[in-house]
Amino acid sequence: MDLAGRPMARTATREDRTASVPPLSAQLLPQVQSAAAAAGDALAAGKSVVVSGAAGTGKSAVLARVLGQLSGEYSVLRLRGAASLSEKPFGGLFWLLSELPPETLSNPVYVLQFVRRVLEEKAAGGRLVLAIEHAEDLDSVSIAILLQLCRGGCAQMLATVRNVAACPEDFVHWWAGDPVHREDLIPLRPSGTRLLLEGMAGAPVSSRLLMEVQARSLGNPRLAALFFEEQLLARTVLKRRGIWVWTGSVSYAGTLAERVDSETGTLGSAERLAVETLALTGGLPLEVLLRLADPAAVERLEESALVEASGQPRALRLKDPLLAEAAAALVPHGRAAEIRARIAGRSASREDIAAPSGAFGAAPGTGGREGQLLGLLPGEPRFMAVLRAARELAACGQWSEAIRSASMCLDTVLINPAAPGLQRSVLSELFHIFLSCGELRRAASLLEHTDSFLSGMEILGSNDLCEGMVQVLGGRADRALDYLQRALVQLDQEETPELAQLAATAAAYACVLLKDRRAGLDYLDVAAVAGKIRAAEDSTGAAANLIRCFSGLCAARGMAGDPDTVTVPSGGCASLPAESAGLQDQRSGRSCTSAGAKQTVARLPVLAAAALQGCSGAAEMLREELRGCSGTAADMYLDLAHGLLESDVPCMLSAAETATVLGHFLIAYEAAGGAARRAREQSDRQGLRAARRIENASYRMLLAANSVTDRLLELSEFERELALGAAAGRSSSHLGTALHLSPRTIDWHLGRIFQKLRVSGRAELRECLKTERQQT
């Protein structure tokens, strides 16, 4: 994008070719900051603190941040557990007890007295903090001594623990019974990993790049940073127009290769064979692995931290997916072919040697296994019948029935732990069903579900594109443009012109809403170029209908782009199966073909926008198009059409309220504005108040800058002080006394302030500030 926000040509720029790799810096993630703040507060209150979490989740960062913020009244003694000392009595305190004669170590009471005296001298009257890393690797005797010091009030403990189950029994009892503050660091969800990567790279990253990193790190911040830094240094991820994108290439030549060597370099040949077999296959049932590798070697690997067992029947895999993929990629081709041949029970061939050596075969989160996975879902025939029915009902405007069927499918696939490929395919189709039914909030909620998968999950077509479409259809143009720009750059890198055309057309509509006509026209030019890359042909696929929809929305708001003349690609964003034909409409009795019905679905938002813009005949066409449709969105459009045609304030208010519930904030804003004008003409004071309430609420949703918090900054210092005082519950009399003004004057100023902030009064102002603060 240029400085004006316009799309630039695809030709690689000098910045793309020579951009320096940002250095890897210590990223203080939100959960690390929060845990450190809570731990510091607990220490100040006299409590001990235990920070638990898997390796790489940020325990050491929390420890360092807390210790760095301790005041001079604290004295810190740092200890570190080590596996080599865990079996030796007093191993964790060996350096402290080196002055004692060996025979005295048999008397724990004497040792405790000696340690207490030494530590009291070190504290010199201050508060002593025992900072212990890897407390689970301390021996039980050392733990007992340290716990006695804490229980006796001599010291406070600040400890990190990787695995609670591996801690000495005394430590677990103390943790559960005494007043100990506990902070658990969990693996990052994709949204957290995005913050980490963008902090490292200093620029936005595409959702495709995010999911590739997430799939390999499983939310481990250290692994995510390790993998991403390796790709930055190897230039296998590229910066295009200010956004880092995934190229499909992966490097294992640097730090990752060293890590594989450090983890497997000391293994014997039998163990190495087992590790390479698991890496190349991604995991095997135990009985299969025992036939391929030495049983004793497999047992030794089970005792180590390299492999883990899961499922029934038991299957073994390498515990670290990033290590597995790197190890698989580093297996020489000839040896990889031999291992695959042994697994297949046949000798190696040229085909074996040419087979991919990655641990996953295809890139994480992608690949053509969806068709093979269909039969793994419990009740597969019934499930697929329900999904097919939802698709057909949505195409014919029977949206209430379609939503019920789609919601049933969503609940089923989310609780089914197997078949991630199937989850991805079904979630993609359900997203487009919700979108075609006008259920923007449901579509957005489905995208949020993808963040709950630890390995991440990307909807077909890219999460950036899907999120951008939801936001722009709801009228939230600034948020939409951010997602769509990321999607455009990634899709351009992947050379997918049909989806690039969709993203560009949606971005053009976002620019129309932002009143940036020049940038919108540029995006339409990009869409036209992408459309010409493919053969121009009529299509009823999901992508084609959405392109028609966004082109029509641009035209309805005054920008050239007739949806009937825009070149559209064939195929669909979610590769939807062939549409049904001739499904009978249960309400009108008419037969609606899928092609005509789907174009109707694409036209409804366009007709609604045109009707709200005052386009002659649009409201009548909207009402006609809705004949035979059912569902909440259909009711919204029908109320809107009737309200515009009959100047019916209650109908327009009903449309605005329903639009807010569905996530169509622009329709809600414009419908409420129209209702307010008509209510004023009809002297309907109650309708006017209701319309202003909805208009203000929807206005605040349209742009980030429309929030009360942001608009407060635009007020003068006097107005801001008055607004915050009113929100805090102070009366006009109280405010007037403090400012030497009459209550009536205060009320006059507050009325003007409420208008500027787009709130109805004190209560709404207070609620908005509270909500926005919680969201932040």
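# A first look at this predicted model

At 11% relative accessibility, asparagine 696 counts as buried (buried means under 20% relative accessible area, exposed over 50%, and partly exposed in between, using a 1.4 Å probe and protein chains only). Welcome to a predicted model, in which local features need pLDDT of at least 70 and side-chain atom pairs count only at pLDDT 80 or more, while totals for chains, interfaces and linings use all residues. Residues are numbered from 1 along each chain as its sequence is written, and side-chain values use heavy atoms, with hydrogens and water left out.

**The chain as a whole**

- The chain has 37 helices and twelve strands; these are DSSP runs numbered from the N terminus, with helices being H or I of at least four residues and strands being E of at least two.
- Of the 776 residues in the chain, 51% count as buried.
- Among contacts with a separation of 6 or more, 69% are between residues 24 or more positions apart (contact means heavy atoms within 4.5 Å).

**Around asparagine 696**

- Asparagine 696 lies in helix H32, which spans residues 685-702.
- Its side chain and that of arginine 758 are joined by a polar contact of 3.1 Å. A polar contact is a pair of N or O atoms within 3.5 Å; within protein, one must be able to donate a hydrogen and the other to accept it, and residues adjacent in sequence count only if both atoms are side-chain atoms.
- Setting aside neighbours within four places in sequence, asparagine 696 is in contact with Arg758, Val759 and Ser760.

**A five-stranded parallel sheet**

- Five strands form an open sheet with parallel pairing, in the order E2-E3-E4-E1-E5; two strands pair if DSSP finds at least two bridges between them.
- Strand E2 (74-80) and strand E5 (180-184) stand at the edges with a single partner strand each, so one side of each is left without a neighbour in the sheet.
- From one strand to the next, the twist averages 15°. Axes here are lines fitted to C-alpha atoms, for helices over the stretch in contact, and angles run from 0 to 180 degrees between N-to-C directions.
- Seven bridges link E2 and strand E3 (residues 127-133) in the parallel sense, and arginine 80 has glutamate 133 in E3 as its bridge partner.

- Which way do the side chains of E1 point? Ser48, Val50 and Ser52 point one way, Val49 and Val51 point the other way, and all are buried.
- E1 runs parallel to E5, with five bridges joining them, and valine 49 has histidine 181 in E5 as its bridge partner.
- E1 also pairs with E4 in the parallel sense, over four bridges; here valine 50 has alanine 159 in E4 as its bridge partner.

**Helices lying across the sheet**

- Helix H3 (residues 59-68) lies across strand E1 (48-52), E2, E3 and strand E4 (156-161), and runs at about 155° to E4.
- Helix H5 (residues 140-151) lies across E1, E2, E3 and E4, and runs at about 135° to E4.

**A pair of packed helices**

- The axes of helix H18 (residues 380-395) and helix H19 (residues 399-415) come within 8 Å and cross at roughly 145°.
- Residues of H18 that meet H19 include Phe383, Val386 and Leu387, and on the H19 side they include Trp399, Ala402 and Met408.
- The residues of this contact divide into eleven nonpolar, two polar and two charged. Ala, Val, Leu, Ile, Met, Phe, Trp, Tyr, Cys and Pro count as nonpolar, Asp, Glu, Lys and Arg as charged, and the others, Gly among them, as polar.

**Loop residues to look at**

- Most residues other than glycine have a negative phi.
- Glutamate 495 has a positive phi, near 55°; this residue lies in the loop between helix H23 (477-494) and helix H24 (497-513) and is exposed, with a relative accessible area of 57%.
- Serine 683 also has a positive phi near 55°; this residue lies in the loop between helix H31 (665-681) and H32 and is exposed, with a relative accessible area of 62%.
- Glycine 254 sits in the loop between strand E7 (243-246) and helix H10 (255-264) and is partly exposed, with a relative accessible area of 24%.
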